[in-house]
Amino acid sequence: LNVNVGILGHVDSGKTSLVKTLSTLLSTAALDKSKQSRQRGMTLDLGFSCFYLDMPPHLAEKFSQKKLQVTLVDCPGHSSLIRTIIGGAQIIDMVVLVVDAFKGWQAQTTECLVLAELTSPRLIVALNKIDIFTAEEREEKLEQAKRKVRARLASTRFANAPLVGVSACVGGEKVAAIGTTEGGSTATQQQETYNMNALVETLRQELPPPKRTDSGLFYFSIDHCFPIRGQGTVLTGTVLNGKVSVNSMIEFPTLGLERKVKSMQMFRRKVQTIRQGDRAGICVSNFDSKLLERGVAAAPGAVQLLKGAIALVRKVPYFPGKLVGGSKFHISVGHSTVMATVTFWGARELLKQMKTNASAKEKDVTQQSSGKSNNSGKQKESLRGHSSLGGEADMAGLPRLEFEFNQDFIQQDELLESIDGTSDLYLHWAMLEFHTPVFCPLDSLVIGSRLDAVDSGSSSSCRLAFSGRLVEKLSDPPRDATRLRLYTPKERQGVVSRLGDPHRREDDGKVVRYEVFGSDLFKAETNMKPFVGMKLITTKGEIGEIKSSFGTSGKFRVVFPGGTEAREGDALILKFKRYAHDPLKAMHQDLELPKARMATRMEVTKKKRDKKPLATGEIVTLKGEPTEAGKYEMAIVAGLFTPEVNIRDKVGSRVRIPSTQEEGKIAGPFGKAGKCKVSFENGLTAQVGAKAELLS
């Protein structure tokens, strides 16, 4: 049984030395064999080698094989090679994270941890180079290093990952990477190591049961391609999905070519069939190796070209910046990394959906798509598969959800990190418009990065921005974008200015109005025609419909089929949405009018309106001292009478102060200029200059 273990870590942490020490059999690309790697003294490309173990008991329960072949995927560590690191992380079953015990956590260690979280169910941390510490202080220094690493892992699902202190090559960083034989096996000279047996035993115990199945269409990730004279072209890589046998036809979708499998080997051992998880070399004839360095081979028709896609995404917590919609990101799928313009939406709707479906099983998109029409079902089935081996999108915590184009979503300018005051890593929908089309199956794990960002060198820096699951293929992204129902919510508010006749509702006995008149929602010059028929809501949630304008000052008439208990001055709320891709910019509402509720009209006793005042005047003097309540009991009013009127005949007549609605009675004349004294039994709060009216 073959399992693939990724060796990840910061540059110069000793990854290649560790691989050299563990390996017993090397591939054609192992241990920095390239001339450039040796000249620069660093790993520049993926390296592959292996060693063998007896089958661990916890795996023997599920697999019939007696032996375990552990394929080590040696990934570069330099920040400039992050594309290669991402590609390597997607063809593994678990990760060994190598940390320099002396230097501690470094910049690319964080990015490697993120990749492990996205792709690997298990993690082992190898604290390398502990031989740097003297024998006397080694245990103490190692414990200090473990505490620091444990603190870094505390917020991840690897909080309890085993930490093993080792030295892959005592006395030097690059010594172990030198001295391999041309035949592909390790050199006879042995480098001195420390505690490597403990690392191997930990690896044996921690290896998770790999996902292995023969079902599904063949999908092969190619990492190297080279010719062999007299035989053909060899493609080395990892089977990510399905199986293939000798004499089967395989397709190179990026080239539009099909070739027959001539022969296959797994670490120099000839095989007839390779399956998911196997590391192998496939030999084909009549194929120019210069046409392909990295890429994909698959069953004919299994993988189609994607110009764009809709993905379910989540932000990487270590990424420091905001993810703004319409920005360009590097999108990695398998070994391919291309630029794409990304738009985000749906955080609120997905949060609500996930809460609603918390106790239910998530939809299986593959099963649902196969239940549709034969043509679309077969097409979607052929597009689905795996572009990564270990965790896939499931490991990244991305549920299987189906996207619906007819669903409404609030438009977002960026990926939201806080909703209603609560911060979290919220799920989002994202549209990926690839600048260069890619070949990959739906359901694949994608990783969005800002690889052009300046590497700050901080141990917490991270250029990996988000992870995602490809959900929906887009044939024409610009056109498909207009199908998205993205809207901006709008709200206006007016008030009830007048009530219609009261009715007593038959089903609950409440006094309601079926007609009210509103104001302060529209200007006098507003064209009311577009608003007629729109629904309004009261503060109690009652829904009515604008029937017409009322007058010429912007007022309007509203009818409530179910009645309303609103009073004068209560709010009338107009809510609607405008869709981003609607050329008419029309107003849309989801509200529905309630059913009509029967009621009986109530007789209203009309209040007697006060007659027009007989005369008007004003308060000219306040007499006496105010009471404790600040009111006066007597005021002198001028202007109600002419000088020739005998005011004594008017004693007892009513006088009203309109500004305060206070009433008093004439108590007698004051002087000879038509002034009079007015007494206010309940007191007067109006001031000098206030208007006064003679009522009788």
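Trainee: How many salt bridges does the structure hold?
Mentor: It holds 31 salt bridges. Keep in mind that this is a predicted model.

Trainee: Let's take one. Which residue does Asp100 form a salt bridge with?
Mentor: Asp100 pairs with Lys129, and their closest N and O atoms are 3.3 Å apart.

Trainee: Why does that pair tie parts of the chain together?
Mentor: Asp100 is in strand 5 (residues 94-100), while Lys129 is in the loop between strand 6 (123-128) and helix 6 (138-153), so the bridge joins parts 29 residues apart in sequence.

Trainee: Is Asp100 buried or exposed?
Mentor: Asp100 counts as buried, because its relative accessibility is 2% and the cut-off for buried is under 20%. Lys129 is at 7%, so Lys129 counts as buried too.

Trainee: What about Asp452 and Arg450, where do they meet?
Mentor: Their side chains meet in a salt bridge, at 3.7 Å from N to O. Asp452 counts as exposed at 53% relative accessibility, whereas Arg450 counts as partly exposed at 25%.

Trainee: And which residue does Lys510 bridge to?
Mentor: Lys510 bridges to Glu565, with the closest N and O atoms 3.6 Å apart. This pair links distant parts of the chain, 55 residues apart. Lys510 sits in the loop between strand 27 (502-505) and strand 28 (511-519), and Glu565 in the loop between strand 31 (555-564) and strand 32 (571-579).

Trainee: How exposed are those two?
Mentor: Lys510 is partly exposed, with a relative accessible area of 38%. Glu565 is also partly exposed, at 22%.

Trainee: Which residues are linked in a network of salt bridges?
Mentor: Asp408, Arg485, Lys577 and Asp590 are linked in one.

Trainee: New topic: the core. Which residues touch the most other members of the largest nonpolar core?
Mentor: Leu123, Ile274, Ile331 and Trp429 do, in a core of 109 residues. Strand 23 (residues 428-439) gives the largest share of this core, seven residues.

Conventions:
Residues are numbered from 1 along each chain as its sequence is written. This is a predicted model: local features need pLDDT of at least 70, side-chain atom pairs count only at pLDDT 80 or more; totals for chains, interfaces and linings use all residues. Side-chain values use heavy atoms; hydrogens and water are left out. A nonpolar core is a set of buried Ala, Val, Leu, Ile, Met, Phe, Trp, Tyr and Cys residues joined through side-chain atoms within 4.5 Å. Buried means under 20% relative accessible area, exposed over 50%, partly exposed in between (1.4 Å probe, protein chains only). Helices (H or I, at least four residues) and strands (E, at least two) are DSSP runs, numbered from the N terminus. A salt bridge is a side-chain nitrogen of Lys or Arg within 4 Å of a carboxyl oxygen of Asp or Glu.
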